[in-house]
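Keep the structure open beside you as you read.

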Amino acid sequence: MDAVRSLVQPITHNLPAPIRDLGVSIVGETCYKALLLDVDVENTECIKLAVSKGLGIGIVGASAVVKVPQILKLLKSKSAEGVSFLSYLLETSAYLISLAYNVRNGFPFSTFGETAFIMGQNVVISILVLNYSGRPATAALFVAALAISAAVLFADNALDMQALSYLQAGAGVLGVASKVPQILAIWQEGGTGQLSAFAVFNYLAGSLSRIFTTLQEVDDKLILYGFISGFALNAILALQMVYYWNAPSAKARGKRKEVIPIDAHGSSTSVSKKGPTTRRRG
């Protein structure tokens, strides 16, 4: 270990000031010194903090694009098949409350930053789903309601922290409930339709990572229980995605039913609507 330390320390002790300042801002002065300057690999608390910060930053970064494939899939197909608006409505509502709760509590951005990015993408997806379902007026109403809700949730003089804490508890329930309509939609349709596998599996990995980062950095059971419940239902969605991976879409199944079978002589096997003749033959 001393050999490794002797190789690493000349580098870590001479890092440019901007990089050093960034490192300190992420893990703090104490852990920066322990991990980078002293190269103390036995400092488990600092190692866990560094891993948590790394995961958090990774989740926030990935969240900026996690639902872009879903958006592109909707735009390409111009169909909302297999995508539940109710699911996105509940999830977006939960994320808006959680975002306000985290911001007003002053929690580290690395522990909740993805909430803002995913919520924005959810709004886009919800608008597309409503438009492709023939409900553009509902889409406009949805955006207006979100804007008003955000104004209330982020205003200290409109909603106190006690009330926001109650809403956060409800947001955990909403977040869990938001997965149920999507799970039911997949089960009822017998396929995942336009649901993006990339988004589903990234959600699963992200929710698992968030359990770890919350345990390390945020002493709030409301948030922790929400992530645990979310992970359980994300796991169900991921299993459905695997199970229905090669299942044809409802549109494809409909086309199959319209095909008229052909007999061995190349003629249609459809039955004539004429009844049997009663005319006698001479």
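**Salt bridges, cores and a helical fold**

A salt bridge joins the side chains of K48 and E45, with N and O 3.6 Å apart; the term stands for a side-chain nitrogen of Lys or Arg within 4 Å of a carboxyl oxygen of Asp or Glu. K48 and E45 are three residues apart in helix α3, so about one helical turn separates them. In general, an α-helix has 3.6 residues a turn, so residues three or four places apart point the same way. K48 is partly exposed, at 33% relative accessible area, while E45 is exposed, at 51%. Here buried means under 20% relative accessible area, exposed means over 50%, and partly exposed lies in between, with a 1.4 Å probe and protein chains only.

Before going further, a word on the source: this is a predicted model, in which local features need pLDDT of at least 70 and side-chain atom pairs count only at pLDDT 80 or more, whereas totals for chains, interfaces and linings use all residues. Residues are numbered from 1 along each chain as its sequence is written, and side-chain values use heavy atoms, with hydrogens and water left out.

Now for the overall fold. The protein has twelve helices and zero strands; helices are DSSP runs of H or I with at least four residues, strands are runs of E with at least two, and both are numbered from the N terminus. Of the 282 residues in the protein, 38% are buried. Among contacts with a separation of 6 or more, 77% are between residues 24 or more positions apart, a contact being heavy atoms within 4.5 Å. The accessible surface is about 16100 Å², and 65% of this area belongs to carbon and sulfur atoms; such areas come from the Shrake-Rupley method with a 1.4 Å probe, and for residues only the protein chains shown count as cover.

What lies inside? The largest nonpolar core has 35 residues, and those with the most contacts inside it are L74, I125, V129, F142, L153 and L164. At least two residues of this core come from each of α4, α5, α6, α7, α8, α10 and α11, and α5 gives the most, with nine. A nonpolar core is a set of buried Ala, Val, Leu, Ile, Met, Phe, Trp, Tyr and Cys residues joined through side-chain atoms within 4.5 Å. Leaving aside residues up to four places away in sequence, L74 touches S79, A80, V83, I125, L128, V129, Y132 and Q194. A second, separate core of ten residues includes I186, L195, L237 and M241.

F142 is also worth a look for its ring. The structure holds four aromatic pairs, where rings of Phe, Tyr and Trp (its six-membered ring) pair if their centres lie within 6.5 Å; planes under 30 degrees apart count as stacked, over 60 as edge-to-face and the rest as tilted. F85 and F142 have ring centres 5.7 Å apart and planes at 80°, so this pair is edge-to-face. Because F85 lies in helix α5 and F142 in helix α7, the pair ties together parts 57 residues apart in sequence. Both F85 and F142 are buried. The rings of Y243 and Y244 also form an edge-to-face pair, with centres 4.9 Å apart and planes at 85°. Y243 is exposed, at 67% relative accessible area, whereas Y244 is buried, at 14%.

Helix α9 (residues 179–189) comes next. Its buried residues are K179, P181, Q182, I183, A185 and I186, and they pack against α5, α8, α10 and α11. After α9 comes G190, which has a positive phi near 70°. How is K179 paired? K179 forms a salt bridge with E91, the closest N and O atoms being 2.9 Å apart. This pair links distant parts of the chain, with E91 in helix α5 and K179 in helix α9, 88 residues apart. E91 is buried, with a relative accessible area of 4%, and K179 is buried too, at 8%.

The count of salt bridges comes to nine. Another one of them joins E29 and R20 (2.9 Å, N to O), and R20, D21 and E29 are linked in a network of salt bridges. E29 is partly exposed, at 44% relative accessible area, as is R20, at 30%.
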